[in-house]
Amino acid sequence: MTNQRVHGRGLRLIAVFKLLKGLALIALGIGALNLLHKDVEALVVHWINIFQVDPNAHYVRLLLEK
């Protein structure tokens with residue numbers, strides 16, 4: 001009986017994890033669709049200024065070039 005409870009709990013944990021992962025992917029897709037017809041560079045520069053990141057940093061420069 002205890003072994004069945006452990007398996008049931010494990011399956012529920014896996015199901016919740018997959019549900020959360022699916023919801024995160026849906027949210028990411030909706031966010032990407034919202035960026036479709038916007039000036040993405042201006043948006044990235046705006047967020048760089050908000051988080052006070054050095055715009056000359058290597059990865060930030062690569063992001064801005066894309």
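The model is predicted, so local features need pLDDT of at least 70 and side-chain atom pairs pLDDT 80 or more, while totals for chains, interfaces and linings use all residues. Residues are numbered from 1 along each chain as its sequence is written, and side-chain values use heavy atoms, with hydrogens and water left out.

Fold first. The protein chain has three helices and zero strands, in the order α-α-α from the N terminus. Helices here are DSSP runs of H or I, at least four residues, and strands are runs of E, at least two, numbered from the N terminus.

Next, overall shape. Along the principal axes, the C-alpha atoms fill a box of roughly 60 × 25 × 20 Å.

How much of the chain is buried? Buried residues are 5% of the 66, with buried meaning under 20% relative accessible area, exposed over 50%, and partly exposed in between (1.4 Å probe, protein chains only).

Last, the patch. Leu35, Val40, Leu43, Trp47, Ile50, Phe51 and Val53 make a nonpolar surface patch of about 600 Å². One of them, Leu35, sits in the loop between helix H1 (2-34) and helix H2 (40-51). Leu35 counts as partly exposed because its relative accessible area is 32%.

Definitions and conventions:
Patches are made of residues with over 30% relative accessible area and no salt bridge: like charges are joined within 9 Å, nonpolar side chains (Val, Leu, Ile, Met, Phe, Trp, Tyr) within 5 Å. Accessible areas come from the Shrake-Rupley method with a 1.4 Å probe; for residues, only the protein chains shown count as cover. A salt bridge is a side-chain nitrogen of Lys or Arg within 4 Å of a carboxyl oxygen of Asp or Glu.
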